[in-house]
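Notebook open. Today I am looking up aromatic rings and what surrounds them.

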Amino acid sequence: MSIKIKLTISYILLITMIIIFFGVISTLTLEKYYIDNIIEILTSQGTSFSRVFDSYIDADIYTISQDVVKNLATDTNAQVQVLNMEGMLLGDSTLSSTPVPVKILTPDVIQAISGESGVYTEKINNERVLHVSVPVKNKLNYVAILRLSSSLEEVSNIIKRLVLFLALVLTVSSLVALIIGFFIANELTKPLEMVKEATQEMAKGNFKVRAEKTSNDEIGILADSFNKMAEELGQLEEMKNEFISNISHELKTPLTSIKGFAITAMDLVEKNSELYEYLNIIDEETDRLSRLVDELLDFSKIELNKIKLSFEEVELDKLIEDTVAILRPHASNYGVNLICKKKIDRVVINGDVNRLKQVLVNIIDNGIKACSRGKYVKVFLDIKDKKAVIRIEDQGQGIPQEEIKYIFDKFYRGKNNKYSGTGLGLAISKKIIEEHKGTITVESEVGKGSVFTIELPLKDR
Ligand SMILES: Nc1ncnc2c1ncn2[C@@H]1O[C@H](COP(=O)(O)OP(=O)(O)OP(=O)(O)O)[C@@H](O)[C@H]1O
Ligand SMILES: [Mg+2]
């Protein structure tokens with residue numbers, strides 16, 4: 001999960017938690033406020049109603065209760081009941097006649113029997129009802145209990161509406177948090193993203209890349225350290241390339257004179273003598289060394305971007321035929337058949353003949369070396385999608401899957417490679433093909449062989 005998403009989720013979680021927390025607290029507080037209010041109203045109504053009984057004596061209460069209750073009910077929204085001090089129901093404002101005497105002994109009534117106002121909430125028919133019982137005193141004794149009951153349905157409705165409103169607020173603010181959070185996260189991670197891209201670019205081998213420093217915070221410091229590292233690596237890389245370039249130049253001169261002297265000396269000795277044989281070996285080995293030095297030189301030129309391609313019209317069909325003809329004796333030495341198969345007669349591209357030839361030699365040479373005696377290396381030429389397609393197929397040992405991704409790397413040599421080499425052939429070839437705006441790819445199966453495919457844009461007419 002990216003930092004951006006993590007940050008956004010954190011914002012939303014935080015906001016949701018805060019809203020839920022305050023929602024629960026405010027709902028509970030509001031509910032308590034409403035209920036306390038109702039209790040207060042009912043209690044004060046009960047207390048003021050109790051004066052009605054001042055002029056009655058115990059005995060009367062039984063007879064007048066129902067009337068009293070009826071009169072009082074006009075001054076309140078609550079249900080009014082009169083009970084005696086044992087909790088027996090004497091009058092009820094919701095009933096038209098004197099009620100059947102039943103005992104009500106809910107906690108509020110029990111509290112009132114003991115001489116103090118009592119409060120009790122219960123659920124009747126799925127509706128919350130609040131009872132307030134107030135003991136009534138006539139001068140000397142407690143004579144009755146006034147019980148006022150009010151439905152809490154309205155409070156429940158208010159709370160329900162509040163919860164609904166809070167849910168709406170929660171949804172809207174979560175959405176807003178999502179948008180703002182994503183925006184902030186985006187802003188926060190943008191510099192990090194740039195540093196990330198720079199590191200990825202450097203991992204590909206581009207030491208010239210620099211991360212842009214947009215702030216002085218930790219990310220800014222990261223960008224600074226990265227840039228310093230990139231600079232140092234770049235310098236090291238340059239030093240290495242310069243070194244390779246210088247040393248190869250230095251090697252070239254003595255090599256040329258060794259070869260020159262070996263050839264001169266060969267003219268001076270007898271053809272079949274032992275000495276002649278030795279001089280011949282010196283000559284061949286100097287050639288090999290020269291080729292190696294040339295490769296190193298090429299490589300450093302490419303790395304230092306000093307390679308200059310001279311583009312001209314190139315007839316690929318001819319170039320391939322020539323190259324194959326040149327390499328055929330080399331293939332025969334290895335007992336390998338080198339075959340050229342053109343599907344098309346004339347293929348013209350824009351390119352550097354010598355460099356393209358170098359690529360063909362590199363790849364065909366790899367193919368020949370990978371084959372055992374009696375096998376084939378075939379070179380095909382075709383045109384597809386306005387591109388020249390060169391396929392070089394061999395029946396060699398193949399390249400293990402885990403090595404394929406490295407074979408175009410500089411200095412990489414396969415583990416099963418029996419021949420000496422610098423491991424630069426394919427790295428150089430790839431660079432050259434890329435300079436031609438083409439591509440080079442490989443498919444291979446161990447034990448069956450490999451296919452290298454080069455695609456080059458055709459010359460526009
Ligand atoms: N056709 C092929 N079949 C099997 N393995 C191959 C083939 N072509 C390349 N390879 C593997 O890829 C490696 C890299 O090839 P590359 O041409 O870059 O270097 P090299 O041939 O070892 O040395 P150089 O070409 O510089 O003399 C080789 O060492 C070899 O293991
Ligand atoms: Mg090679």
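I started with burial. I looked up F408 and found it buried, at 15% relative accessibility. The model is predicted, so I treat every value here as computed.

Next I checked F452. F452 is buried too, with a relative accessible area of 6%. Both values fall under the 20% limit, so both residues count as buried.

How are the rings of F408 and F452 oriented to each other? I find their centres 6.4 Å apart and their planes at 75°. Planes over 60 degrees apart count as edge-to-face, so that is the label for this pair.

I then asked where the two partners sit in the chain. F408 lies in the loop between α9 (401–404) and α10 (425–435). F452 belongs to strand β12, residues 449–457.

Y34 is partly exposed, at 26%.

Last, I looked for charges over rings. I found the charged end of K137 over the ring of Y142, 5.3 Å from the ring centre. I also noted R391: its charged end sits over the ring of F380, at 5.6 Å from the centre.

Definitions and conventions:
Residues numbered from 1 in each chain as written. Chains lettered and ligands numbered in written order. Predicted model: local features only at pLDDT ≥ 70, side-chain atom pairs only at ≥ 80, totals over all residues. Heavy atoms only, no water. Buried < 20%, exposed > 50% of the residue type's maximum accessible area, 1.4 Å probe, protein only. Phe/Tyr/Trp six-rings, centres within 6.5 Å; stacked < 30°, edge-to-face > 60°. Helix = DSSP H or I, 4+ residues; strand = E, 2+ residues; numbered from the N terminus. Lys NZ or Arg CZ within 6 Å of the ring centre and 35° of its normal.
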